[in-house]
Amino acid sequence: MIVRLFLAGATVILNEMNLYNNADYSPRRPNLWMLVLNGFSQWYALYCLYLFYHVTKAELAPIQSLLKLVGIKVVMFFSWWQGLFITFLVYYGAIKFSRRYSAEEVAYMFEGLLVCLEMLVGALAFVFCFPVTDFVSRSSAPSGLESAALVADGPFVPRPKPTAPPQTS
């Protein structure tokens with residue numbers, strides 16, 4: 001996370017100095033080196049995730065932690081590599097310009113479309129990775145329509161408990 005924050009700041013500064021070009025990976029330009037640093041950061045994050053899982057897998061077994069950890073990391077990791085792949089397609093001329101848009105704009109639109117589709121698939125997968133029952137006590141676990149209502153409201157929204165009318169004596 002710190003590396004990504006540093007690289008984002010460097011990108012803004014280098015862009016203002018006209019030294020950053022998203023589609024230029026010449027060794028004399030900072031883009032290639034930022035890409036390499038970001039790639040190592042991604043791999044190191046995966047390694048740390050593996051170490052975390054290896055140490056805590058027994059304690060986290062009841063909540064299927066591997067599925068949750070891999071699910072989140074796959075979304076982040078895949079979208080980064082996909083963006084890199086699309087950038088290389090532009091660099092090598094596989095994505096061409098149209099009458100209205102440059103090749104970079106076509107690539108950004110294509111990547112945006114893919115990310116939207118991936119988020120749809122990811123959201124559906126997360127329903128299985130993060131079931132509602134993991135966030136409520138087992139004794140009061142909802143079923144059927146109650147579960148759907150809980151998902152719609154959000155699992156962390158407290159529901160008001162019904163109260164009995166005041167008794168008069």
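Below, some labels are set against their definitions in turn.

Reply: Happy to. This is a predicted model, in which local features need pLDDT of at least 70 and side-chain atom pairs count only at pLDDT 80 or more, while totals for chains, interfaces and linings use all residues. Residues are numbered from 1 along each chain as its sequence is written, and side-chain values use heavy atoms, with hydrogens and water left out.

Me: How many helices and strands does the protein chain have?
Reply: The protein chain has five helices and zero strands, and from the N terminus on its elements read α-α-α-α-α. Here helices (H or I, at least four residues) and strands (E, at least two) are DSSP runs, numbered from the N terminus.

Me: Why is Leu 35 called buried?
Reply: Buried means a relative accessible area under 20%, exposed means over 50%, and partly exposed is in between (1.4 Å probe, protein chains only). Leu 35 has 17%, so it is buried. Its place is in helix H2. Across the protein chain, buried residues make up 22% of the 169 residues.

Me: What does Leu 35 touch?
Reply: Leaving aside neighbours within four places in sequence, Leu 35 is in contact with Tyr 25, Trp 80, Leu 84 and Phe 88. Contact means heavy atoms within 4.5 Å. There is also a distance to Leu 7, 28 residues apart along the chain: the two C-alpha atoms are separated by 9.2 Å.

Me: What makes the ring pair of Tyr 91 and Tyr 92 edge-to-face?
Reply: Let me start with the count: a search of the whole structure finds three aromatic pairs. Tyr 44 and Tyr 47 form one of them, with 6.5 Å centre to centre and 40 degrees between the planes. Rings of Phe, Tyr and Trp (its six-membered ring) pair if their centres lie within 6.5 Å; planes under 30 degrees apart count as stacked, over 60 as edge-to-face and the rest as tilted. At 40 degrees, the pair of Tyr 44 and Tyr 47 is therefore tilted. Both of these residues lie in helix H2, three residues apart, about one turn of the helix. For Tyr 91 and Tyr 92 the values are 5.0 Å centre to centre and 80 degrees between the planes, so that pair is edge-to-face. Ring pairs also link Phe 88, Tyr 91 and Tyr 92 into a cluster.

Me: Are Tyr 91 and Tyr 92 exposed or partly exposed?
Reply: Tyr 91 has a relative accessible area of 38%, so it is partly exposed, whereas Tyr 92 has 65% and is exposed.

Me: How do you know that the span of H4 agrees with its length?
Reply: The expected span of a helix is 1.5 Å times one less than its number of residues. For the 27 residues of H4 that should be 39 Å, and its end C-alpha atoms are 37 Å apart, which agrees. In H4, Ala 103, Ala 107, Glu 118, Gly 122 and Cys 129 are buried, and the buried residues of H4 pack against H3.

Me: What lines the largest pocket?
Reply: A pocket is defined on a 1 Å grid over the protein atoms alone, as an open set of points with protein on both sides within 12 Å along at least five of seven lines, where a 1.4 Å probe fits; lining residues have an atom within 4 Å of a point. The largest pocket is lined by 30 residues, of which Arg 4, Tyr 20, Leu 35, Asn 38 and Trp 80 lie nearest its centre. The elements giving two or more residues to this lining are H1 (2-16), H2 (30-60), H3 (65-91) and H4 (103-129). H3 gives the largest share, nine residues.

Me: What makes Asn 18 stand out?
Reply: Asn 18 has a positive phi of about 60 degrees although it is not a glycine. Most residues other than glycine have a negative phi. Asn 18 lies in the loop between H1 and H2, and with a relative accessible area of 65% it is exposed.
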